[in-house]
Amino acid sequence: MREINIGQVLVEHRRKRGVTQEELAEHIGVSKTAVSKWETATTYPDIALLPRLAAFFNITIDQLMGYRPQMEKEEIRKLHQSLTQEFGSAPFSEVMDRCREIAKRYFACPELLFQLACLYVNHCALAGELSRSLAVIEEAMALFIRVKEESSDGFLVSQAVNMEGFCLLRLGRTQEAVQLLKETVSLHMAPECLLAEAYQMAGNQKEARRTLQAGMYQTVLEVMNLMLSYLAMCQESPEAFAETARRIQALEACFRLNALHPGFMLSVYLSLAQGYMAQGQEERALDMLEQYKGLALSDIDLLRLHGDDYFTLLDGWLEENLTLGRNLPRHETAIRKSVLDSLAGLPAFAGLKKNPRFQEILRKIEHDRRYAI
């Protein structure tokens, strides 16, 4: 892909205005041959001539050069899908090199940089050795910091700060993470309530309902994440752990999250299983792993966000408001691999290796054709 498309731009604008090469050459003070070479990309105009050429066509120098520092949302979405496919099939180092080149080309596009950094985080395990994975996380964090410093989108900046904190934690830099994240915690009122009321007063009942559905959906997932973090803090109190686990499962049942967001629920069941193992409750842990296996092997699409018969307006909201639409930020291969690795490789389940129920769970997942990677 050419970085400078001045030849094509000159042809388009010259023909649009009905100007000949000779007329353009006379105005700029060069030969017709020079203009011809510019238009065929044989040579480029001298840098001192760019302002005069741009002024002649009443366009900016960026427009004259065919340079676009930003990428549109739909372009980002298509590129992201292409890159996730590549992470699932091509050598990791080759895909990373391609991502780095794209980041350099669009270093002024915070939304794209954010999505590239998320790709790094979500696929860093494919780098192989731990040291290489951590190096990829370092790269991702640098992009998140760039987004934080350059974006004028408050929501995107907030996401970038959270992901920077995530990277710091994965890199073991806990004090820096605390310092960064503690400033972002504050009491807040859900803006969806006010926005929905405004839509309702304007007579747009459907948009009011859609706004509230989106708010509820996001809040439920936020509450689940908070409860999972709290669950990990309850290991020294069996009563608090049991009650938190009960409420997590009640919230899942209430909102039917197995169907609404199965990819997220896989991590929930895994966290519950690890917690029960730490509590010395192997049978309860195995119950959670049975649910994990059942969901992983179900026909439910793990790769796309969607609504249900209660969140009836959610699909459209996701497509319109999320950069990636309803697609998740990892390729199917990476998700399937993480399912296997989580069961077979996590130290928390080392004590289950000889347990018949655990062996059967592993066997069924390993023999499912979707997990034969």
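pLDDT is the predictor's confidence in each residue, on a scale from 0 to 100. Helices here are DSSP runs of H or I with at least four residues, strands are runs of E with at least two, and both are numbered from the N terminus.

**Before you start**

This is a predicted model: local features need pLDDT of at least 70, side-chain atom pairs count only at pLDDT 80 or more, and totals for chains, interfaces and linings use all residues. Residues are numbered from 1 along each chain as its sequence is written, and side-chain values use heavy atoms, leaving out hydrogens and water.

**Stop 1: confidence**

Color by pLDDT. The protein averages 88, and 91% of the residues score at least 70. Select helix H14 (residues 238-255): confidence is highest there, at a mean of 96. Then select helix H19 (residues 332-345), where the mean is lowest, at 65. Where pLDDT is low, predicted coordinates should not be read in detail.

**Stop 2**

Select helix H1 (residues 6-16). Its buried residues (under 20% relative accessible area; exposed is over 50%, partly exposed in between, with a 1.4 Å probe and protein chains only) are Ile-6, Gly-7, Val-9, Leu-10, Val-11 and Arg-14. They pack against helix H2 (21-28), helix H3 (32-39), helix H4 (50-57) and helix H5 (61-65). Just after H1, pick Gly-18, which takes a positive phi of about 70 degrees.

**Stop 3: two loops**

Go to the loop between H3 and H4 and select Ala-41. Its phi is near 65 degrees, a positive value in a residue other than glycine. Ala-41 is partly exposed, with a relative accessible area of 28%.

Next, select Asn-58 in the loop between H4 and H5. Phi of Asn-58 is also positive, near 60 degrees, and again the residue is not glycine. Asn-58 counts as exposed, at 65% relative accessibility.

**Stop 4: a helix crossing**

Show helix H13 (residues 205-232) with helix H18 (residues 314-321). Their axes come within 9 Å and cross at roughly 80 degrees. Axes are lines fitted to C-alpha atoms, for helices over the stretch in contact, and angles run from 0 to 180 degrees between N-to-C directions. H13 and H18 are therefore roughly perpendicular to each other (65 to 115 degrees; under 35 is roughly parallel, over 145 roughly antiparallel, the rest oblique).

Contact means heavy atoms within 4.5 Å. On the H13 side, select Arg-210, Gln-213, Ala-214, Tyr-217 and Gln-218. They meet Leu-314, Gly-316, Trp-317, Leu-318 and Glu-320 in H18.

**Stop 5**

Select Tyr-276 in helix H16. Tyr-276 counts as buried, at 3% relative accessibility. Leaving aside residues up to four places away in sequence, Tyr-276 touches Phe-241, Ala-245, Gln-249, Gln-281, Arg-284, Ala-285 and Met-288.

Move on to Gln-279, in the loop between helix H16 (262-278) and helix H17 (282-296). Gln-279 counts as buried, at 18%.

**Stop 6: the cores**

A nonpolar core is a set of buried Ala, Val, Leu, Ile, Met, Phe, Trp, Tyr and Cys residues joined through side-chain atoms within 4.5 Å. The largest has 44 residues. Pick Leu-289, Leu-343 and Phe-349, which touch the most other members. H16 supplies the largest share of this core, 10 residues.

Finish at a second, separate core of 39 residues, which includes Val-95, Cys-99, Tyr-120 and Ala-127.
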